[in-house]
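Subject: Structure for you to look at

Hello,

Here is the structure I promised to pass on. Please open it beside this email and follow along.

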Amino acid sequence: MRGRHRATDLRSNGFVALAAGMILPLLAIGGVYGGYQVMSTSGCSGTVRLAVAASPEIAPVIKDAAARWIKTEPRVDNECVAVDVTAVGSAEVAAAVAGEGGATVPGLGQADGKTQVPQIWIPDSSMWLQRMRAAREDLVPLAAPSLARSPIVLAVPEPTAKALGWIETKVTWKQVLEQIVGDTRIQPGIVDPNRDSVGVSTLVAMASVRDQFGPSGDSLTVGAVKSLMAGKSEQQTGLVGRFPRDADPKTLSTAVTLAPLSEQALHTYNAAGPAVPLIAVYPDPAPIALDFPFAAMPRLSPNRAAAAEQFRAVLSGAPFRDVLAQHQLRANDGSVGTGMTLSPSAPVGGQVTPVPDAAVISKALQMWVEITQPSRMLAVIDVSATMKTPVPSAGGLTKEQVAVQAAQGGLDLFPDSWAVGLWAFSTGMPGGLDYQQLVPIGPLTSQRDQLRGAIGGLKPNPKGGSGLYDTILAAYQTVQQGWDPGRGNSVVVVTGGRNNDPVGLSLDELVAALKKAENKDQPVQIIIIGVGSEVNQAEMQKVVDATGGAVFVAPDPSKIGEIFTKALALDDGR
């Protein structure tokens, strides 16, 4: 009884009124944006609460719209609506949504354990929704209309843009890639595409035009991706922090001088008055813009779904466009509201690059992984008599000379993080084997020159046959024995003809031996590059089918350089 009397005394002394006076203002200021006003409205039978997770770029706009909407006292079935808007990165929400659904988004990693799954998700790009649908179809809604737009630009410090002639000039992707690969004035950077929509959009754009560049397309793309990887940052703040702080030539030579950013991020950077402003270069064709889709998450209660649709309806129109403009964002049709000024070269409205399907996005991200992830590779090059055959379309060079040129070009594309070894193969090699180790598998940081010299010294054995099958098995076993869990492990075979060793393995024996040796927990892929019409693609396909890998055949040996680069760029042996 004493406890009950004490409780009564506390209430009679005004304790509850004091507590309410302290807590309710905190609710209004903090977690529930506009919640105090809704909770104070009389006549509501309850509250429909919407948790909104918005990308930080647009979160202030969504909060402003929520505040204005709440003042109209919206209701669903006589229940008042409360809106809680939280600014949170798209990658964090994606990981939380996937984790709750028991799915995995490649390259994203696990949820941080702090981010909650919202009722409404406004990521920075619909590409996140495509990636989620690829992981599991029902994680996100099928329809999610875009609320705003921010084109992807190449941010270039003003002195560098002037030196390149890129001030208010239309620039093609070929020009961009050529500058990234070959111009020492360009120090590129990028935010990790696995967690950043701007990075993904850039890769998709690069991949979409690579075939338009002819023979140079693959090498340009691979070289550009390598350069971007060297300047990679995990967060946008880290990337923009590496732009030059003054125009001194020494500073420019070490700072980031080209990086993909959203148009909004570039305007925000320049608004701070930096000593070296950034110029927005709009590459042609345009990358996929950030579009901030409104995703009402699946399995909402009927009242929450109705409230979400009401809220979505207010996120449009001229007033909303003007608020977007205050935060350097365009309307969803690309038009610009009052208060936002674009550079003369900036496109306004017009055709919008559509968001690609999940397979295109996945392929672009896979390209990033394949080129940038450290690899452990054994290159095995044919030096049998067939390699001395002249190639008319290559100015009379032999198959061997064409293959050597391609291998040298490929070596230049390998980053220092790779480990590479080299074998030559033909019957009658020293030691009585069909192959000879020229350089053991080791880090390129210490043996790039040795490899270059060994490749340059390859010459066909005029009396040598092709012990191709014995060589493939031995190379596979060698890479398997030193298998590295932190790298892609592969064998790359360059051959000019068919196996013709009468005392070696047959095709069926090789396939059986590879299947027996295969360890699915320690995958080693075989990539076979055929030089000339003597290579039997069907036979080679049987070999790679046993372990995983790919076959690339150039009936015209003069095209081997293109094939070699494509094999390295598209190998999915990671």
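Of the 574 residues of the protein, 50% count as buried. Buried means under 20% relative accessible area, exposed means over 50%, and partly exposed is in between (1.4 Å probe, protein chains only). This is a predicted model, so local features need pLDDT of at least 70 and side-chain atom pairs count only at pLDDT 80 or more, while totals for chains, interfaces and linings use all residues. Residues are numbered from 1 along each chain as its sequence is written, and side-chain values use heavy atoms, with hydrogens and water left out.

The overall layout comes next. The protein has 22 helices and 20 strands. These are DSSP runs numbered from the N terminus: helices are H or I with at least four residues, strands are E with at least two. Take the contacts with a separation of 6 or more: 76% of them join residues 24 or more positions apart. Contact means heavy atoms within 4.5 Å.

Now the core. A nonpolar core is a set of buried Ala, Val, Leu, Ile, Met, Phe, Trp, Tyr and Cys residues joined through side-chain atoms within 4.5 Å. Which members of the largest one touch the most others? They are Trp 166 and Trp 173, out of 36 residues. Several elements give two or more residues to this core, including strand 6 (152-157), helix 8 (173-182) and strand 11 (278-281). Another core lies apart from it, with 33 residues, among them Leu 50 and Leu 290.

Look at Trp 173 itself. Beyond its neighbours within four places in sequence, its contacts include Leu 154, Met 206, Phe 213, Asp 284 and Pro 285. Asp 284 and Pro 285 are joined by a cis peptide bond, with omega about 0°. Pro 285 sits in the loop between strand 12 (283-284) and strand 13 (295-296).

Val 281 belongs to strand 11. Val 281 is buried, because its relative accessibility is 1%. Outside the four places on either side in sequence, Val 281 is in contact with Val 153, Leu 154, Val 156, Trp 166 and Val 171. Glu 168 is 113 residues from Val 281 in sequence, yet their C-alpha atoms are 7.6 Å apart.

How many disulfides does a search of the whole structure find? One. A disulfide here is a pair of cysteine sulfur atoms within 2.5 Å. Cys 44 and Cys 80 form it, with sulfurs 1.5 Å apart. Cys 44 is in the loop between helix 3 (35-39) and strand 1 (46-54), and Cys 80 is in strand 3 (residues 79-87), so the pair ties together parts 36 residues apart in sequence. Cys 44 is partly exposed at 24% relative accessibility, whereas Cys 80 is buried at 3%.

Two loop residues deserve a look. Glu 73 has a positive phi near 55° and is not a glycine. Glu 73 lies in the loop between helix 4 and strand 2 (75-76) and is partly exposed at 44%. Asp 77, also not a glycine, has a positive phi of about 50°. Asp 77 lies in the loop between strand 2 and strand 3 and is exposed at 62%.

Last, Ser 466. Where is Ser 466 found? In the loop between helix 18 (444-456) and helix 19 (468-481). Is Ser 466 buried or exposed? Buried, with a relative accessible area of 3%. Its contacts beyond four places in sequence include Asp 382, Phe 425 and Arg 498.

Best wishes
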